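Grab a pencil and work through these exercises on helix packing. Each one comes with a worked solution.

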Amino acid sequence: NGYMYVLGFIDAKTSTSWIAPMHSQKEVKLWTERFLIWVRNQKVDGDVSLELVRDGLWDPVAGMTIQTDSASVFRSDAFRTLAENQFRCKLQQSPPYEQSKNGKIERLWRTLGESAKAMMLARDLPPSYWWWAWKHANTIRDLKRTSANEGKMSPWEARTGQKPSMAHLHAFGAKVFVWKPGTPKLAASA
């Protein structure tokens, strides 16, 4: 797949996390724009603040704070224009070499990295599966209860109001078989 980087987003209110694979850091602006458009199109219940109104319509993105590290890609004019002008977000950056100021995302990287590595080792999978392992680890993380949320609810429940189900999940790296319609199915004993 050729992915070399991951860009992450965490909702400070619900602890929900989203991750995006990237071939290069040049894709940060693209993925940030896609994420903010996705957030803008979500149905959100509750009171609407007047400062969140854009062009006469309620805009859940306007006024949002985007916390980043001080990497050059986040300090670029293109990124600043996207965040501040196009989406009217506030940018907040941590000082150089102070990852502790970005505690939530740094903790996410550690959690996903360790989980993905364990899943890949357990199934003896090559490094090329790293993105799929990270994605699976992130799905599990968002469905598990966390002390970061009131009542230790999962990020999924905090965001959607629905109890999460893990019934659709399978063990990472499990063998699967693809059946094409119109071809005979294998017998259960095969």
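This is a predicted model: local features need pLDDT of at least 70, side-chain atom pairs count only at pLDDT 80 or more; totals for chains, interfaces and linings use all residues.

**Exercise 1.** Work out what the buried residues of helix 4 pack against.

*Solution.* Start with the buried set (under 20% relative accessible area, 1.4 Å probe, protein chains only): Ile105, Leu108, Leu112, Ala116, Met119 and Met120. Looking down the axis of helix 4, these fall within an arc of 90° (taken from the directions from the axis to the C-beta atoms), so they line one face. Next, look for contacts (heavy atoms within 4.5 Å): the partners are strand 1, strand 2 and helix 5 (130-143).

Residues are numbered from 1 along each chain as its sequence is written, and side-chain values use heavy atoms, with hydrogens and water left out.

**Exercise 2.** Find how helix 1 and helix 3 pack.

*Solution.* First, the axes, which are lines fitted to C-alpha atoms over the stretch in contact, sit 10 Å apart at an angle of about 15°. Angles under 35 degrees count as roughly parallel, and therefore helix 1 and helix 3 get that label. Then list the residues that meet: Val28, Lys29, Thr32, Glu33 and Arg40 from helix 1, with Ala78, Phe79, Leu82 and Gln86 from helix 3.

Methods. Axes are lines fitted to C-alpha atoms, for helices over the stretch in contact, and angles run from 0 to 180 degrees between N-to-C directions. Helices (H or I, at least four residues) and strands (E, at least two) are DSSP runs, numbered from the N terminus. Angles under 35 degrees count as roughly parallel, over 145 as roughly antiparallel, 65 to 115 as roughly perpendicular and the rest as oblique. Buried means under 20% relative accessible area, exposed over 50%, partly exposed in between (1.4 Å probe, protein chains only).
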